[in-house]
Amino acid sequence: MEILSGVKLKLLCLLLATCGMLSACGSGFDNKYNISELDVGKVYSNEEGLKADGFAASLCVPESDEAFNTDGVNAEAFALFDITDKEIISQKNSFEKVYPASTTKILTCLVALENSNLDDIVTVPKESEITVSGSSMAALRPGDQLSMRDLLYGLMVPSGNDAAVAIAHHISGSIDSFSKLMNEKAVELGATHSNFINPHGLPDDNHYTTVYDMYLIFQEALKNKDFLEIANKKEYTATVTSADGQQREVVWKNGNGFLSGKFTLPEGISITAGKTGHTSKAGFCLVLAEKDTDGHEYISIVMKAPVYEELYSGMSNLISKGK
């Protein structure tokens, strides 16, 4: 069998991404990642010891979208990715449309890290005043000033929707313009079955992703050392300068039940980074990177668990499948 060169493989992936992007403009989910139909399945996998040296070399790529090894996890969609061995251990509906809620902020944080300086001073705009019931906030007020570094902690630790809007306006001038950057980054990473229209994940029928797309986005974010630091923080204190020049300290605590100690991880597992999410349409969501005592690394994603407690019990059961 002929092995594709890195250049040819990258061109193929770009073609696939383009086709995926076009399909997303229509029905969007009629055509999944049907790589096998192009007769290059072995190039994308480790079958017979072969491994691609291009775009897909570092990815876990499934042979099909059929569910397997799903017991013990009550959720609409989920998957466990073995990052070390490049395998998928469990999956259900990993290519189906789901609403990401605040797991959206993984992409927001990545785009912000790539398009700003952490020492930038950001002024919180009036648009950061969000009145949606139940909206998670970082207690920021219009006219407040703080560093981009602190603002990213405000985005990820308390899951501040006000912080997300401030980031978008500082970098792009508006939510719409920042969302274009988000979608461009998603397509660049091959996440072509997603569409992001805001930086926070508040409900919108046109704001969606898939478990597999979220894996592609999250794996890229994990390559950034600043993201790793921010997305694994249990608590953070920021210094904010109010519009009147007065300074105050704001303390943020992470809502991740594993980081807070409310729920217990499987023995021998530690979290590298993660992000929670919840809306009525999205259900309870959690994206995690973890490793075991041998240094074996995983990404686990659970989307639309129906109950808060079942999100964490299901995630624990999912992670345990890799042990």
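A cavity here is a set of grid points where a 1.4 Å probe fits but cannot get out, and its lining residues have an atom within 4 Å of a point. Keep in mind that the model on screen is predicted.

**Stop 1: the cavity**

Select Tyr-99, Pro-100, Ala-101, Gly-201, Leu-202, Pro-203, Asp-204, His-207, Thr-279 and Lys-281, which line the largest cavity. The volume of this cavity is about 50 Å³. The count of cavities of 30 Å³ or more comes to 1. By residue type, the lining of the largest cavity holds 5 nonpolar, 3 polar and 2 charged residues.

**Stop 2: salt bridges**

The whole structure contains 10 salt bridges. Start with Glu-114 and Lys-185, whose side chains meet in a salt bridge at 3.1 Å, N to O. Glu-114 belongs to helix α3 (residues 105-115) and Lys-185 to helix α6 (residues 175-188), so this pair ties together parts that are 71 residues apart in sequence. Are the two partners buried or exposed? Glu-114 is partly exposed, at 39% relative accessibility, while Lys-185 is buried, with a relative accessible area of 7%.

Next, select Lys-126 and Glu-129, another salt bridge with an N to O distance of 3.1 Å. Lys-126 is exposed, its relative accessible area being 60%; Glu-129 is partly exposed at 46%.

Then go to Glu-220 and Lys-223, where the closest N and O atoms of the salt bridge are 3.0 Å apart. Lys-223 counts as exposed because its relative accessibility is 59%, and the cut-off for exposed is over 50%.

**Stop 3: aromatic rings**

There are 12 aromatic pairs in the structure. One of them joins Phe-95 and Tyr-212, a tilted pair with 5.2 Å from centre to centre and 40 degrees between the planes. Which parts of the chain does the pair of Phe-95 and Tyr-212 tie together? Phe-95 sits in the loop between β2 (87-92) and α3, and Tyr-212 in helix α7 (residues 211-221), so the pair ties together parts that are 117 residues apart in sequence. Both Phe-95 and Tyr-212 are buried.

Move on to Phe-218 and Phe-227. Their ring centres lie 6.1 Å apart and their planes stand at 75 degrees, so the pair is edge-to-face. Phe-218 and Phe-227 are both buried.

Finish by selecting Phe-258, Phe-263, Phe-284, Tyr-308 and Tyr-312, which form one aromatic cluster.

Key. Residues are numbered from 1 along each chain as its sequence is written. This is a predicted model: local features need pLDDT of at least 70, side-chain atom pairs count only at pLDDT 80 or more; totals for chains, interfaces and linings use all residues. Side-chain values use heavy atoms; hydrogens and water are left out. On a 1 Å grid over the protein atoms alone, a cavity is a set of points where a 1.4 Å probe fits but cannot get out, and a pocket is an open set with protein on both sides within 12 Å along at least five of seven lines; lining residues have an atom within 4 Å of a point. Grid points are joined across faces, edges and corners, and a volume is the space filled by probe spheres set on the points. Ala, Val, Leu, Ile, Met, Phe, Trp, Tyr, Cys and Pro count as nonpolar, Asp, Glu, Lys and Arg as charged, and the others, Gly among them, as polar. A salt bridge is a side-chain nitrogen of Lys or Arg within 4 Å of a carboxyl oxygen of Asp or Glu. Helices (H or I, at least four residues) and strands (E, at least two) are DSSP runs, numbered from the N terminus. Buried means under 20% relative accessible area, exposed over 50%, partly exposed in between (1.4 Å probe, protein chains only). Rings of Phe, Tyr and Trp (its six-membered ring) pair if their centres lie within 6.5 Å; planes under 30 degrees apart count as stacked, over 60 as edge-to-face and the rest as tilted.
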